[in-house]
Amino acid sequence: MARLSLAGVSKEFGSVAAVSPLSLDITDGELVCLLGPSGSGKSTLLRMIGGFEMPTAGQVLIDGQDVAHVRPNRRPTAMVFQSHALWTHMNVFENVAFGLKLRKLPAAQVHEKVMTALELVGLNGYEKRSPRQLSGGQQQRVAIARCLVLEPKILLMDEPFASLDQHLRERLREEVRQIQRKLGITTLFVTHAQDEALALADRIVVMSMGAIEQVGTPDEIYANPSTPFVAGFIGTMNMLKGIAQAGHVSAAGFRVKADIADGEATLAVRPEDFVLTDGGLAVKVRRVVNLGPYLLAEAEGGDGSAITVHIDKNRVVREGDILAIAPQRYAVYREGAAPYRSA
Ligand SMILES: Nc1ncnc2c1ncn2[C@@H]1O[C@H](COP(=O)(O)OP(=O)(O)OP(=O)(O)O)[C@@H](O)[C@H]1O
Ligand SMILES: [Mg+2]
């Protein structure tokens, strides 16, 4: 376990600012997800922590020690890479043992540690197999065991399950969560899948264009996204363009209270935060999808904008129906101002 602090860390590749100066503190035993679209700087940030990329500026501190000039294999970190590569000329045991052999541990200790690591990822009995004889999920587990066996204080995982199907991803991330809890290992997990981040993380760091947009628990980020980017990126959010004027915002035919400066603004409403009400805005249903626990209706607002609404599954709603809806809970975003949130 270790504390990790990033202090003004940045990375430029020539004229590309992959990571703008950012600071972040991660506590002992925490599991933090770095979440953001492709190219937002997640891998670059992780690689700087692991020592595979030298920051242009700033410090990476592990338990208060600046590790700038410490080589990757001398850092108390281990990394599962985005494109993991097992050595196909080695069997599973040898793949996992490799890092320990570099450390010149006695064979008996290597054996014990490798078997423990394989057991942790549920692969005991697979020692003699070639990576070619493993499924994608099993290969990922070997890649994880290869890191765990080094007993790192900080585990860095760069989209380790990106190539796997949804079902397997969900299972493996639960396994990672359990191992992480059991070992209390400080973990940074990169993903561009928001469901993965919401399910896995103690805290989520949302990144966009090399900068941190928001840091918070999954609940905080879902309930109170602090920027339009986060609002649009996490979960489903209706982002309705409108105008703020005299303490109200008008968008898509809605007019709601918003204590925010006059000008262009965006009304943000989650599909589950609309209510059906007589005084509401009349919207026309274009499509209805039964999602089991509720119906998802795609409707058309006053100005033709698309609005997604969740409706109780016991109601009968069909294409072409007119519904009267109102946002019960919403936020209003305006450039250069703190968001306004309804009570
Ligand atoms: N070695 C490099 N040389 C030049 N530019 C680079 C290099 N590595 C990354 N970049 C650029 O830095 C930016 C951030 O890249 P990075 O790989 O960190 O993104 P990412 O968030 O991990 O994306 P993805 O989700 O696609 O893996 C991108 O614009 C990328 O093109
Ligand atoms: Mg990446």
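Reply:
**The shell around ligand 1**

By class, three nonpolar, nine polar and one charged residues make up the shell around ligand 1. Here Ala, Val, Leu, Ile, Met, Phe, Trp, Tyr, Cys and Pro count as nonpolar, Asp, Glu, Lys and Arg as charged, and the others, Gly among them, as polar. The model is predicted: local features need pLDDT of at least 70 and side-chain atom pairs pLDDT 80 or more, while totals for chains, interfaces and linings use all residues. Residues are numbered from 1 along each chain as its sequence is written, and chains are lettered from A and ligands numbered from 1 in the order in which they are written.

The shell holds 13 residues, of which Phe13, Ala18, Ser38, Ser43 and Thr44 are the closest; a residue belongs to the shell if its C-beta atom, placed from the backbone, lies within 6 Å of the ligand. At least two shell residues come from each of strand S2 (16-26) and helix H1 (42-50). H1 gives the largest share, three residues. Helices (H or I, at least four residues) and strands (E, at least two) are DSSP runs, numbered from the N terminus.

The wider setting follows. The protein chain has eight helices and 20 strands, and 37% of its 343 residues are buried. A residue is buried if 20 or more other C-beta atoms, placed from the backbone, lie within 10 Å of its own, exposed if 12 or fewer, and partly exposed in between. An automatic or database assignment divides the chain into domain 1 (4-231) and domain 2 (236-341). Their centres, taken over C-alpha atoms, are 38 Å apart. Four residues of domain 1 are in contact with eight of domain 2, contact being C-beta atoms, placed from the backbone, within 7 Å.

Helix H3 (residues 107-120) has 14 residues, which at 1.5 Å a residue should span 20 Å, in agreement with the 20 Å between its end C-alpha atoms; the expected span is 1.5 Å times one less than the number of residues. Val110, Val114, Ala117 and Leu118 are buried in H3. They lie on the same side of H3, because they cover an arc of only 100° around the axis, judged by the directions from the helix axis to the C-beta atoms. The buried residues pack against helix H2 (92-102) and helix H4 (136-148), whereas Ala108, Gln109, Glu112 and Glu119 are exposed on the other side of H3.

Technical notes
Two residues are in contact if their C-beta atoms, placed from the backbone, lie within 7 Å.
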